[in-house]
Amino acid sequence: MNETESPTGAWRSLEGSVVDQETGDPDLVFAHVSDLHGQLTPRHQVYYDNPTSRPNFEFGEADRVIERGGGVPLLAAKLEELREDYEVCTLMSGDTFHGSAVTTYTDGRAMLDPINEHVAPDVYVPGNWDYSNEAAEDGNFVELMDALDAPVLANNLYDRETGDRLYDAYRMLDIGGLAVGVVGMTNVYVDRMAPAFYEGKYRFGKHPSLLEESALAAREDGADVVVAVTEIGLPWMVQAAKDCTSVDVMFSAHTHEYTYDPIVVEETDTVVVESGMGEALGRIDLRVRDGEVQFRHHLYCLTEDGEHTPEPDADARETVEAVREPFFADDPGVERGAGTLDHPLDTVVGRTETPLYRQSFLESAWNTLFNDALRAHFETDLAVSHGFRYGTAIPPGEITLGELYTFFPMATPVARGVAYGQQLTSHMEAFLEDNFSPYPYDQEDGRVRNFSSNVEVTVDPTAKRGRRLVEMRIDGEPVDPEETYSAATFRRPGDPERDLGNCGFPFQDVEVDDGTIPVDVIVEYLEEHSPVDYEVMGLVETADDGGRAQNTPADGPYPFIQPGVDYRGGGAYCETSMIPSGNAFPEEGRNRTR
């Protein structure tokens, strides 16, 4: 393939300036697969018209479109296409073994043959959801990693009992005549997200200095180029790029961001990219000219009939069909945790008048629907859920059982309990601190806590710690801190007996519906309410005298959905909209009225 045929942009130096566009192939090509979440076959995804970095789609007057694409056969075909023309190093950031009914009911093992035989990564770095099978008695994280043909890298994952690091911190590769040091770092928040995901087996190093130490070790080992492959999230990685000087390119994952344009950190000459979810493939070309590392980048969204989308790989399709076939039998008859799958995944369970998705930060129609279903199931005052942001889209029309599992692929039982109003507001405040903290290394979730449609919340992202929740209302009335409220949610394995739904406080009168999982509750709700018609309703709003927070990538510039907080006057931005350097934060940007 010659220069004019490449879809990638202009060659640039690592500090961003355009350089001599001489013809010729790159020295090496990195292909980045991230956050596959069990996506074996094509699914629908929502793409946003971002004002500073957008996909090459026709949006018309809309600020978003829904397209179908992705799946291992398409990924495999695109990777093979690149490998035919270049020396390609395929890097894979985790969250692979979770995200569908097939992964849920096979403990993630269904992904092994498709990944090993067709994606064939050169390096694999685990993601937080790759540990999710530890929530079951036969947890098998290490077994899954050992079954991968690719080397697993994680410079911050240790055996809790022995203190030994489980996997190498970096690996040296010889590609295109260059010595390439690849550093791997797994998610630093796993032990905070879900205790059952590690059950005391693992310890997770959290300090960004680990990234720098591994990069320096690779340099000392003779690396011409050092890249980092991680699964921690874009804000964390952008800050790390400012604080670590020894990494040339950082491949981020976990927050499901689509960096159509790479983020160039000029202070350290570091490039940061994140490659969306499983239907996207990130590509970075590198070359060294007169001792200078130069790059160009492209993010392929492998939508059906897309400009750069090949025909699906036939062998990969055959492998995928064999893996999925048992789940389309009349009665699959499989069980996992509290869940039982006794209908084929293509069973139609309802209809929707409007698209359902949750690739958003403050509020999504899908999360509201889910919470309304929980509330109806238990007949409670409200429902609260974790505000998950991963998941594909369901366009208007029929909803299948398999699609529901892509939104909530956990076989954990639903539950209800009673909480004081003060517990509810304190919990919400803690989530706001987690999201709007001015220090990226303290952030974790990337989405605000979600409630049923009868709960409204006003927040101020620019207020000080402990003052970001302005008001919380249930059925139009402010929450009374001394009043009790019945709340529906779900039971997470490994949590204390009275702590439901990752709320972090003890409920009273806990009732667990052991035979019912979230998907069951949604099916029950759809049976009664189809066709459903949910939109974003402004249930979470920012205060008039506070900074704006974007809900979707269409609402503002980088960093897309992860909170980009617009401080009044435009002179000061929350760290995720890029602090100029280091950890300094402009105090004058705070809202002094709160």
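**Reading salt bridges and a buried threonine**

The structure holds 17 salt bridges. This is a predicted model, in which local features need pLDDT of at least 70 and side-chain atom pairs count only at pLDDT 80 or more, while totals for chains, interfaces and linings use all residues. Residues are numbered from 1 along each chain as its sequence is written, and side-chain values use heavy atoms, with hydrogens and water left out.

Me: What is a salt bridge, and which residue does E433 meet in one?

Reply: Side chains of opposite charge can pair when their charged atoms come close. Here a salt bridge means a side-chain nitrogen of Lys or Arg within 4 Å of a carboxyl oxygen of Asp or Glu. E433 meets R465 this way, at 3.5 Å from N to O. E433 lies in helix α11 (residues 421-436) and R465 in the loop between β24 (455-459) and β25 (469-474), so the pair ties together parts that are 32 residues apart in sequence. Helices (H or I, at least four residues) and strands (E, at least two) are DSSP runs, numbered from the N terminus.

Me: Is E433 buried or exposed?

Reply: Buried means under 20% relative accessible area, exposed over 50%, and partly exposed in between (1.4 Å probe, protein chains only). E433 is buried at 15%, whereas R465 is exposed at 62%.

Me: Where does T406 lie, and what does its side chain reach?

Reply: T406 belongs to helix α10 (residues 401-407) and is buried, with a relative accessible area of 9%. Its side chain reaches the backbone oxygen of E403 at 2.6 Å.

Terms used:
A polar contact is a pair of N or O atoms within 3.5 Å; within protein, one must be able to donate a hydrogen and the other to accept it, and residues adjacent in sequence count only if both atoms are side-chain atoms.
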